[in-house]
Amino acid sequence: MATIRKLPSGSWQVQVRRKGESPISKSFSSKSLAEQWARSIESQIDHGCFVDRSEAERTTLGELIDRYLVEVTPTKKGSKQEAYRLSNLKKHLGSLVVASIQSKHIASYRDSRLKSGKSSGTVLRELCDVSHLFNVAIKDWGIPLVSNPARLVRKPPASKNRDRRLTPDEINELIRQLAETDEMISIVQLAIETGMRRSELLAMQWGNIDIKNRYVLLPDTKNGESRAVPLSSRAIEILEQLPKKAETVFITKPDSVSQAFHRACVRAGLDNLRFHDLRHEATSRLFEKGLNTMEVSSVTGHKTLGMLKRYTHLRAS
């Protein structure tokens, strides 16, 4: 049953009551629009296809992002990076009401990010973030959306796989430029010897290193699984020379590693080199030593052949 009344402001308010449910209300500028909406809602209720979209019509994307950052993001490995990406999305689209968001809004955001110089890989991760946000809102929070608008958006083309390898001379020069911090030298050398990620190297603990059996146990890796990484003779030599200052092998912070590495590359004149390229170098070396695919994947922790292939760049010689 619909009730229509004129408000002091001059607008018309409709209230549709359903047995056992809270009333649904909406205001219109004219009585005819109010009556038209009331008939539409009553018809949907009669046919059993009514969905109360009032929450989606009063909630902004910014409010959804705030809730997601509190309830979901902290449970993820890359929480810091995701929080940064979602905060940026909030600046651009946060004021939009959720019910009004269409794929064109997400596509426009995609295009603006690509035009600003962001890589397609970065933009793809941002699209995955917003898509998961909508999925959580629909499935877990009961926000009544017809569909996930982010799933309808065309994905940017994948970035070209990086194939940066280091020559012996480049490695020597990089080590020379890192001479200001002995710990950084060891971090870089172990990255090349083991193929471990930056986060894995910095989380490595003395108690998980078995020198006798030549391996280090990583109980918590990026993909959520533990992994035992074999240690070469050179890796063991590096570890045995390090002082034991804490439970962890290294005390340098992640951001400090990235900054020191970047400064050393600039001083060494090494173009287009990132710390993560050391993992590419290590993976390629494992294949060049004669290890097979299964052996290499067990060392590096790559879950699929496709991902392992992205990290492998063998020299023809």
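This is a predicted model: local features need pLDDT of at least 70, side-chain atom pairs count only at pLDDT 80 or more; totals for chains, interfaces and linings use all residues.
Me: Why are α4 and α5 called roughly perpendicular to each other?
Reply: Helix α4 (residues 79-93) and helix α5 (residues 103-115) pack at an angle of about 115°. Roughly perpendicular covers 65 to 115 degrees, and α4 and α5 are therefore put in that class. Their axes are 11 Å apart.

Me: What is the hand of the crossing of α4 and α5?
Reply: The crossing of α4 and α5 is right-handed.

Me: Which residues of α4 meet which residues of α5?
Reply: From α4 come Arg85, Asn88, Leu89, His92 and Leu93, and from α5 come His105, Ile106, Tyr109 and Arg113. Sorted by class, this contact of α4 with α5 holds four nonpolar, three polar and two charged residues.

Me: Why do α3 and α6 count as roughly perpendicular to each other?
Reply: Helix α3 (residues 61-71) and helix α6 (residues 120-139) cross at roughly 85°. The class takes angles of 65 to 115 degrees, so α3 and α6 are roughly perpendicular. The axes of α3 and α6 come within 11 Å.

Me: What makes the contact of α3 with α6, residue by residue?
Reply: On the α3 side there are Leu61, Leu64, Ile65 and Tyr68; on the α6 side, His132, Leu133, Phe134, Val136 and Ala137. The division by class is eight nonpolar, one polar and no charged.

Me: How do you know whether Glu200 is buried or exposed?
Reply: Buried means under 20% relative accessible area. Glu200 has 4% relative accessibility and therefore counts as buried. The residue is found in helix α9 (residues 198-203).

Me: What makes the pairing of the Glu200 and Arg227 side chains a polar contact?
Reply: The pair lies at 3.0 Å, and a polar contact needs N or O atoms within 3.5 Å, one able to donate a hydrogen and the other to accept it. The two side chains therefore qualify, with the contact running from Glu200 to Arg227.

Me: Which residues is Glu200 in contact with, leaving aside its neighbours within four places in sequence?
Reply: Glu200 is in contact with Leu218, Thr221 and Lys222, and also with Arg227.

Me: Why is Leu33 called partly exposed?
Reply: Leu33, found in helix α1 (residues 31-46), has 39% relative accessibility.

Me: How far is the C-alpha atom of Leu33 from that of Trp12?
Reply: The two C-alpha atoms are separated by 8.7 Å, with Leu33 and Trp12 21 residues apart along the chain.

How values were computed:
Residues are numbered from 1 along each chain as its sequence is written. Side-chain values use heavy atoms; hydrogens and water are left out. Axes are lines fitted to C-alpha atoms, for helices over the stretch in contact, and angles run from 0 to 180 degrees between N-to-C directions. Helices (H or I, at least four residues) and strands (E, at least two) are DSSP runs, numbered from the N terminus. Angles under 35 degrees count as roughly parallel, over 145 as roughly antiparallel, 65 to 115 as roughly perpendicular and the rest as oblique. A crossing is left-handed if the near helix is turned anticlockwise from the far one by less than a right angle, and right-handed if clockwise. Contact means heavy atoms within 4.5 Å. Ala, Val, Leu, Ile, Met, Phe, Trp, Tyr, Cys and Pro count as nonpolar, Asp, Glu, Lys and Arg as charged, and the others, Gly among them, as polar. Buried means under 20% relative accessible area, exposed over 50%, partly exposed in between (1.4 Å probe, protein chains only).
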